[in-house]
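I opened this entry to keep track of what I looked up. The notes follow the order in which I went through the model.

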Amino acid sequence: MVRWRDGRGTLSVADGASGVPLEIAASPRSRMRGLLGRDGVDGALLLTPASSVHTFRMRFAVDVAYLDRSLRVLAVRTMPPGRLGAPRPRARHVLEAEAGAMARWGLRPGARLTVGV
C-alpha cells in the first residue's frame, strides 16, 4: 500500500498523455484547501484519500476523475462552480483538473494512471 504525501509529481495516462504536472494533496489541510482561491491549475491535483468533492467557492469549472485503489478511472465528470459531487463507493482518490483537460489527455473510465513522484 502506498503512503501518499503532499508534494509534486507527474501523471501518465495509459495510451494517453504523459508527464502531466501533478500536485498531490494527502494531508487533511491540503485536501481541504484543494483548488480554492486559485484562478486555474497547471496540470492536475490528486486528492488522496477522497471519494467525493465539491466546487463551492471555486472560480472555474473542473474535470473530476474518481479513481480506485489501483488508480483506475471509475468515472469522469465536469463540474461547474457551486456543485456537490456524489460520493463514489469504490473511489479512493479524486483527480481534479481544469475543464476539458482530461479529454485532451485521453483520460476516460477504465484508463489506468501512473504517478511519478
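**Strands 4 and 5**

I began with strand 4 (residues 62–67) and strand 5 (residues 73–79), which run antiparallel and are joined by six bridges. The model is a predicted one. The hairpin formed by strand 4 and strand 5 has five residues between the strands. In that hairpin I noted Leu71, which takes a positive phi near 65 degrees.

I then checked the salt bridge between Asp68 and Arg72, whose side chains meet at 3.0 Å, N to O. Are the two buried or exposed? Asp68 has 9% relative accessibility, so Asp68 counts as buried, the cut-off being under 20%. Arg72 is partly exposed, with a relative accessible area of 26%.

I went on to Pro80, which I found in the loop between strand 5 and strand 6 (93–98). Pro80 counts as partly exposed, at 33% relative accessibility. I also looked up the separation of Pro80 from Asp63: 17 residues in sequence, and 8.9 Å in space from C-alpha to C-alpha.

As a reminder to myself, strands of a sheet pair through backbone hydrogen bonds, either parallel or antiparallel.

For strand 1 and strand 2 I found an antiparallel arrangement with five bridges. I looked up Leu11 there, and its bridge partner in strand 2 is Val20.

**Salt bridges**

How many salt bridges does the structure hold? I listed four. Side chains of opposite charge can pair when their charged atoms come close.

Arg8 and Glu23 form one of them, with 3.9 Å from N to O. Arg8 lies in strand 1 (residues 7–13) and Glu23 in strand 2 (residues 20–25), so this pair ties together parts that are 15 residues apart in sequence. The distance falls within the 4 Å limit for a salt bridge. Arg8 is exposed, with a relative accessible area of 62%.

Glu23 also forms a salt bridge with Arg38, where the closest N and O atoms are 3.0 Å apart. Arg38 sits in the loop between helix 1 (28–33) and strand 3 (44–47) while Glu23 is in strand 2, so here too the parts tied together are 15 residues apart in sequence. Arg38 counts as buried, at 17% relative accessibility. I therefore wrote down exposed for Arg8 and buried for Arg38. Arg8, Glu23 and Arg38 are linked in a network of salt bridges.

**A pocket**

Last, I looked at the second largest pocket, which has a volume of about 180 Å³. Rolling a probe the size of a water molecule over the atoms shows where empty space is left.

Which residues of the lining lie nearest the centre of this pocket? I noted Arg31, Met32, Leu47, Val53 and His54, out of 13 lining residues. By class, the lining has seven nonpolar, three polar and three charged residues. Helix 1 gives the most to this lining, with three residues.

Definitions and conventions
Residues are numbered from 1 along each chain as its sequence is written. This is a predicted model: local features need pLDDT of at least 70, side-chain atom pairs count only at pLDDT 80 or more; totals for chains, interfaces and linings use all residues. Side-chain values use heavy atoms; hydrogens and water are left out. Two strands pair if DSSP finds at least two bridges between them. Helices (H or I, at least four residues) and strands (E, at least two) are DSSP runs, numbered from the N terminus. Buried means under 20% relative accessible area, exposed over 50%, partly exposed in between (1.4 Å probe, protein chains only). On a 1 Å grid over the protein atoms alone, a cavity is a set of points where a 1.4 Å probe fits but cannot get out, and a pocket is an open set with protein on both sides within 12 Å along at least five of seven lines; lining residues have an atom within 4 Å of a point. Grid points are joined across faces, edges and corners, and a volume is the space filled by probe spheres set on the points. Ala, Val, Leu, Ile, Met, Phe, Trp, Tyr, Cys and Pro count as nonpolar, Asp, Glu, Lys and Arg as charged, and the others, Gly among them, as polar.
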